[in-house]
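User: I'm new to this structure and would like a close look at a single part of it. Could you pick one spot and walk me through what's around it?

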Amino acid sequence: MADATDSSVTLSEELLMLLRSRGTQLKPLVFVFFIPATRRYAFMLNPDIDRPTQIAELQCNSKFGTVGFETLCPTVSRILYDYGISALRCRLAVTPRKLPDGRHYYQIERPHLVSNQ
């Protein structure tokens, strides 16, 4: 769930289970980025980046029992704008992908690829 009111992304239970099955640390760092070739945004956990950049921490919200992160660059507003979404909150599908070096990232799909599940 992408929420432009506070530029947060809340992960689904299914995605959390996938992350845990891959041995992801309890509080990983999150890097959000744009992929020009696909014109989609994506995020990666625990990136190996050797220069200063915007990194968020995956956080647990004990009040609501959810897990997510804040993204400031790019903002959720920017992602929704680029995807042609006028709503302040939107559920978007995520497709797991793998780089040639074996690192995993998660591509945030455009609305026409979102299922109603």
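Analyst: Let's start with a strand pair: S4 (residues 40-45) and S10 run antiparallel to each other, joined over three bridges. Within this pair, Ala42 sits opposite Gln107 of S10. Keep in mind that this is a predicted model.

S4 and S10 belong to an open sheet of five strands, paired in an antiparallel way and ordered S5-S3-S4-S10-S9. At the edges you'll find strand S5 (56-57) and strand S9 (94-98); each has a single partner strand, so one side of each goes without a neighbour in the sheet. Helix H1 (residues 13-21) lies across S4, S9 and S10, and the angle it makes with S10 is about 165°.

Next, follow the chain out of S10. Strand S10 covers 104-108, and the segment after it holds Arg110. What does Arg110 touch, if we skip residues up to four places away in sequence? The list is Arg39, Arg40, Asp82 and Tyr83.

Here's the curious bit: Arg110 is buried, yet it has no salt bridge. Its nearest side chain of opposite charge belongs to Asp82, and that is 6.9 Å away.

The side chain of Arg110 does meet backbone oxygens, though. One of its polar atoms lies 2.6 Å from the backbone oxygen of Arg39. The Arg110 side chain also reaches the backbone oxygen of Asp82, at 3.3 Å.

Methods
Residues are numbered from 1 along each chain as its sequence is written. This is a predicted model: local features need pLDDT of at least 70, side-chain atom pairs count only at pLDDT 80 or more; totals for chains, interfaces and linings use all residues. Side-chain values use heavy atoms; hydrogens and water are left out. Helices (H or I, at least four residues) and strands (E, at least two) are DSSP runs, numbered from the N terminus. Buried means under 20% relative accessible area, exposed over 50%, partly exposed in between (1.4 Å probe, protein chains only). Lys and Arg count as positive and Asp and Glu as negative; His and the chain ends are not counted. A salt bridge is a side-chain nitrogen of Lys or Arg within 4 Å of a carboxyl oxygen of Asp or Glu. A polar contact is a pair of N or O atoms within 3.5 Å; within protein, one must be able to donate a hydrogen and the other to accept it, and residues adjacent in sequence count only if both atoms are side-chain atoms. Contact means heavy atoms within 4.5 Å. Two strands pair if DSSP finds at least two bridges between them. Axes are lines fitted to C-alpha atoms, for helices over the stretch in contact, and angles run from 0 to 180 degrees between N-to-C directions.
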